[in-house]
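Please read them with the structure open.

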Amino acid sequence: MRLSEDFLQNIAKIIPQERMIQNEDMAVHTSFRVGGPARLMLTVENRDELKNLVVYFNRTGHKYFILGNGSNLLVSDKGYDGIVIRLSGEFAGITVDGQKITCGAGALLSQVSHEAADRSLSGMEFASGIPGSVGGAIVMNAGAYDGEMSRIVETVEVLTPEGEFLTLENMIMEFGYRTSIIRNSEYIVTEVTLSLQNGDREEIAAKMNDLAGQRRARQPLDLPSAGSTFKRPEGNYAGKLIMDAGMRGFQIGGARVSDKHCGFIVNVGYASASDIYDVICEVQDRVKSRFNVKLEPEVILLGDF
Ligand SMILES: Cc1cc2nc3c(=O)[nH]c(=O)nc-3n(C[C@H](O)[C@H](O)[C@H](O)COP(=O)(O)OP(=O)(O)OC[C@H]3O[C@@H](n4cnc5c(N)ncnc54)[C@H](O)[C@@H]3O)c2cc1C
């Protein structure tokens, strides 16, 4: 995509130039630590900026992608020939009112969980070790152990491609296993209100510590990854199928099926995005031919593979 001077000047009328970066290395912004450059990265700090940009991009036919914390994302080595939007400023805010927490989509789940714990609010312990943003967690209906976003969300504020802010009730979010209405729409999550219960601060902290310990014991947290690479197939576990297919430690270039947890593909330090993609495809092929199960990636692919 060619970015004309006119186009860049029009964007600079909406956000300051220091928040516009051309050819930004996406490896810095993803937990896999791979991926080529984004043509343009914009950091957006308030609703007016976001609305004006989205309306402008839709009117002029420029494609854009909303980046959360990049913890479920595989960006092509060739990069992304479009505009990446990051939510910061007012989108990172967290406010607590009784048992309700309202947070911007750019706030981190870990921060919100700790804020909840500090206020003796229970229900979010499961999310404290998930390294995503609130927006990404809504899109993916992130979950772990005994919890899932769908169970604590009251309302979600979104921006439509036409530039309208809507408040969606939980019931119409179409939450499912690692999915929500946002995945199949062009809505941008801007703010979320969560409903929690009063609890005991010590017990909440103890549960968060316990879950963090379980993660450290079972997951390869010392190497870059995007968590579970595949969705859990019905009635089975991706990690077990991959292990039973004899693929523990299977490696292409610097991408490896984790020895600690076969459901994770890790970057041993020098992986490219195509190494990771090749491992994904090989795992899918072998699990399909061995067990006739189609593993679907949970990880979102961005760019051409
Ligand atoms: C070590 C590790 C452990 C993990 N453990 C878990 C786990 O236990 N459970 C779990 O569910 N996941 C887990 N994950 C995966 C990941 O953290 C979650 O899927 C998380 O919700 C992704 O959030 P993100 O902000 O990083 O989203 P990103 O990876 O940045 O983006 C994911 C998708 O959401 C979209 N998106 C992001 N923000 C917005 C927004 N505001 N509006 C519209 N679209 C948006 C993006 O466009 C993209 O399509 C783990 C990942 C790692 C690296």
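1. Strands here are DSSP runs of E of at least two residues, and they are numbered from the N terminus. On that basis Leu166 belongs to strand β12, which covers residues 165–169. The model is a predicted one.

2. Leu166 is partly exposed, at 24% relative accessibility.

3. Which residues does Leu166 touch once its neighbours within four places in sequence are left aside? The contacts are Val156, Glu157, Val158, Thr160 and Tyr187. For Tyr187, which is 21 residues from Leu166 along the chain, the C-alpha separation is 9.4 Å.

4. One of the contacts of Leu166, Glu157, also takes part in a salt bridge with Arg47, with an N to O distance of 2.9 Å. Arg47 is in helix α2 (residues 47–60) and Glu157 in strand β11 (residues 153–159), so this pair ties together parts that are 110 residues apart in sequence.

5. Are the two partners buried or exposed, or do they fall in between? Glu157 counts as buried, with 15% relative accessibility. Arg47 is partly exposed, with a relative accessible area of 22%.

6. The Arg47 and Glu157 pair is part of a network of salt bridges that links Arg47, Glu90, Glu157 and Glu191.

7. Strand β11 also holds Glu154, which forms a salt bridge with Lys100; the closest N and O atoms are 2.9 Å apart. Lys100 lies in strand β7 (residues 100–104), so this bridge ties together parts that are 54 residues apart in sequence. Both partners are partly exposed: the relative accessible area is 27% for Glu154 and 34% for Lys100.

8. A further salt bridge joins Glu282 and Arg286, with the closest N and O atoms 3.0 Å apart. Both residues are in helix α7 (residues 273–291); because they are four residues apart, about one helical turn separates them. Glu282 is partly exposed, with a relative accessible area of 27%, and Arg286 is partly exposed at 33% relative accessibility.

9. How many salt bridges does the structure hold? The count is 12. Those discussed above include Arg47 with Glu157, Glu154 with Lys100 and Glu282 with Arg286.

Conventions
Residues numbered from 1 in each chain as written. Predicted model: local features only at pLDDT ≥ 70, side-chain atom pairs only at ≥ 80, totals over all residues. Heavy atoms only, no water. Buried < 20%, exposed > 50% of the residue type's maximum accessible area, 1.4 Å probe, protein only. Contact = heavy atoms within 4.5 Å. Salt bridge = Lys/Arg side-chain N within 4 Å of Asp/Glu carboxyl O.
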